[in-house]
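Subject: Structure for you to look at

Hello,

Here is the structure I said I would pass on.

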Amino acid sequence: MPLLAALQDKPVQDKPAYRWLVLAAATAAQATASFALLGLAALAGFLQRDFNLTAAETGLLITASYAAPLFSLLFVGDLLDRKSERLIIGVGAVVLFVPFVFAAASRHYAVLLAWLFIAGLGYSATQPGGSKSVSAWFRGGRLGLAMGIRQAGLPLGGAVAAAILPAVAAAWSWRAAFVAGAVAALAGGLFFALIYRPPPEDADAASRREPLTVAAVAGLLRQPWMRNAIVAGLALVSAQYGILTWLMLDLRDHA
């Protein structure tokens, strides 16, 4: 297929300036994907009003969008060990874009939940894919700085979404805000896919490890260190998204 052929890795010369372009593209991909997904919290009030939802049903919309990565991130990370970052992030942007557009057209709450769950699968490609690409180009120095900049794309995307999407929803509708988020995510992912090339030393590297299986994941989850990491992550992320979602609704009702 022409798209797949266009996303095949072709090595570039090791130019110091190019790695900063890679960093900019990876940060943009992270920020635009976060713009779409984190923007859901800023639109919670509009969705609750339009679908006549309870607070619990409104929160479930956020849960749906982040449920898919719980199951898919390990497999996406495994795929990144064997396939091109360009291809995975590019396809992930498309997978994020399409469900968001269909979600914008949804007339039923259950259908909206289903599309947001599928959109979360596309978001799964951005985080590990961007980290791997930045690590590949900055492993010789300034890796910590580069990873810090790239990770800043996540709150940056959320902050811009909170500033823009409610205004779009107020002026037109939350459906228009969904489409705006979808277009931003697609643009960021395809921009990365178009400009990224692996470092020369990685261009021909291929993992010979067997693909990750469900049984292997189950064994990994039984490890004490993994359970500890999951509990810590759950506590931190639950606080973050609880505040993002419920504070918005509470401020609307009382302020």
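Predicted model: local features only at pLDDT ≥ 70, side-chain atom pairs only at ≥ 80, totals over all residues.

Whole chain

The protein chain has 12 helices and 0 strands. Of the 255 residues in the protein chain, 45% are buried. The chain exposes about 13,000 Å², and 70% of that area comes from carbon and sulfur atoms. If you take the contacts with a separation of 6 or more, 85% are between residues 24 or more positions apart.

The cores

In soluble globular proteins, nonpolar side chains tend to be buried together. In this model, the largest nonpolar core has 36 residues. Within that core, the residues with the most contacts are L61, F100, L112, L116 and F178. Which elements give two or more residues to this core? They are α2 (16–42), α3 (44–51), α4 (55–80), α5 (85–104), α6 (109–123), α9 (153–171) and α10 (174–195). There is also a second, separate core of 15 residues, and A25, A26, A146 and F192 are among its members.

Apart from its neighbours within four places in sequence, L61 is in contact with L47, L53, Y109, L112, L113 and L116.

Two single residues

T32 is found in helix α2. Is T32 buried or partly exposed? Its relative accessibility is 19%, and the limit for buried is under 20%, so T32 counts as buried. A polar atom of the T32 side chain lies 2.8 Å from the backbone oxygen of A28. Leaving aside neighbours within four places in sequence, T32 is in contact with A184, A185, G188 and G189.

I149 sits in helix α8, which covers residues 143–151. With 34% relative accessibility, I149 falls between the 20% and 50% cut-offs and so counts as partly exposed. Which residues does I149 contact, leaving aside its neighbours within four places in sequence? These are L23 and T27. I149 and L23 are 126 residues apart in sequence, while their C-alpha atoms are 7.9 Å apart in space.

Regards

Terms used:
Residues numbered from 1 in each chain as written. Heavy atoms only, no water. Core = buried A, V, L, I, M, F, W, Y, C linked by side-chain atoms within 4.5 Å. Buried < 20%, exposed > 50% of the residue type's maximum accessible area, 1.4 Å probe, protein only. Helix = DSSP H or I, 4+ residues; strand = E, 2+ residues; numbered from the N terminus. Contact = heavy atoms within 4.5 Å. Areas by Shrake-Rupley, 256 points an atom, 1.4 Å probe, with all protein chains shown as cover. Polar contact = N/O pair within 3.5 Å; in protein donor to acceptor, adjacent residues only side chain to side chain.
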